[in-house]
Amino acid sequence: CDGKCVICDSLVNPEKLVHICSECNFGSFQGNCIICNGKGISDAYYCQECVALEKDRDGCPKIINIGTARADLFYEQKKYGFKKPGN
């Protein structure tokens with residue numbers, strides 16, 4: 001994940017340092033990568049395009065990425081007809 005934009009995963013033109021909210025950087029999450037949850041080895045940056053589109057102002061990138069991942073999972077399950085166990 002080193003060098004990737006936290007929003008669009010591009011590897012070009014890192015421009016602005018990412019700020020993570022205190023809830024996402026607390027306890028066992030402190031110092032972890034916000035993309036893969038592994039040990040953090042470098043600072044996270046937004047790419048030049050995401051800064052130009054003001055995606056760096058949407059809020060904590062960890063919360064945004066989790067929200068979109070859950071939405072993607074919901075529609076993916078709906079597309080293939082998967083149901084939760086017990087339903």
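Leaving aside neighbours within four places in sequence, Glu 15 is in contact (heavy atoms within 4.5 Å) with Tyr 45, Tyr 46, Cys 47, Gln 48 and Val 51. This is a predicted model, in which local features need pLDDT of at least 70 and side-chain atom pairs count only at pLDDT 80 or more, while totals for chains, interfaces and linings use all residues. Residues are numbered from 1 along each chain as its sequence is written, and side-chain values use heavy atoms, with hydrogens and water left out.

**Glu 15 and strand β1**

- Glu 15 belongs to strand β1; strands (E, at least two residues) and helices (H or I, at least four residues) are DSSP runs, numbered from the N terminus.
- The C-alpha atoms of Glu 15 and Tyr 45 lie 6.3 Å apart in space, although the two residues are 30 apart in sequence.
- Glu 15 has a relative accessible area of 43% and is therefore partly exposed; the classes are buried under 20%, exposed over 50% and partly exposed in between, computed with a 1.4 Å probe on protein chains only.

**Overall architecture**

- The protein has two helices and two strands, and their order from the N terminus is β-β-α-α.
- Of the 87 residues in the protein, 16% are buried.
- Among contacts between residues at least 6 apart in sequence, 73% join residues at least 24 apart.

**Ile 35 in the loop between the strands**

- Ile 35 is placed in the loop between β1 and β2, and its relative accessible area of 32% makes this residue partly exposed.
- Beyond its neighbours within four places in sequence, Ile 35 is in contact with Cys 1, Lys 4, Cys 5, Val 6 and Asp 9.

- Asp 56 is located in the loop between α1 (48-52) and α2 (61-80).
- Asp 56 counts as buried because its relative accessibility is 11%.
- The side chains of Asp 56 and Lys 16 are joined by a polar contact of 2.8 Å; such a contact is a pair of N or O atoms within 3.5 Å, where, within protein, one must be able to donate a hydrogen and the other to accept it, and residues adjacent in sequence count only if both atoms are side-chain atoms.
- With neighbours within four places in sequence set aside, Asp 56 is in contact with Lys 16, Tyr 46, Cys 50 and Val 51.
- Glu 54 also lies in the loop between α1 and α2; at 43% relative accessibility, Glu 54 is partly exposed.
- The phi angle of Glu 54 is near 60 degrees, a positive value in a residue other than glycine.

- Asp 9 lies in the segment before β1 (14-17), and its phi is near 65 degrees, a positive value in a residue other than glycine.
- Asp 9 is partly exposed, with 41% relative accessible area.

**Cysteines**

- The count of disulfides, defined as pairs of cysteine sulfur atoms within 2.5 Å, is zero.
- Cys 8 is in no disulfide, and the nearest cysteine sulfur, which belongs to Cys 47, is 3.6 Å away.
- Cys 8 is partly exposed at 37% relative accessible area, whereas Cys 33 is buried at 15%.

**Pocket and cavity**

- Rolling a probe the size of a water molecule over the atoms shows where empty space is left.
- On a 1 Å grid over the protein atoms alone, a cavity is a set of points where a 1.4 Å probe fits but cannot get out, and a pocket is an open set with protein on both sides within 12 Å along at least five of seven lines; lining residues have an atom within 4 Å of a point.
- Grid points are joined across faces, edges and corners, and a volume is the space filled by probe spheres set on the points.
- The volume of the largest pocket is about 460 Å³; of its 22 lining residues, Asn 32, Cys 33, Ser 42, Asp 43 and Ala 44 are the closest to its centre.
- The structure holds one cavity of 30 Å³ or more, and the largest cavity has a volume of about 30 Å³.
- Residues that line the largest cavity include Lys 4, Cys 5, Tyr 45, Tyr 46 and Cys 47.
- Strand β2 (residues 45-47) gives the most to the lining of the largest cavity, with three residues.
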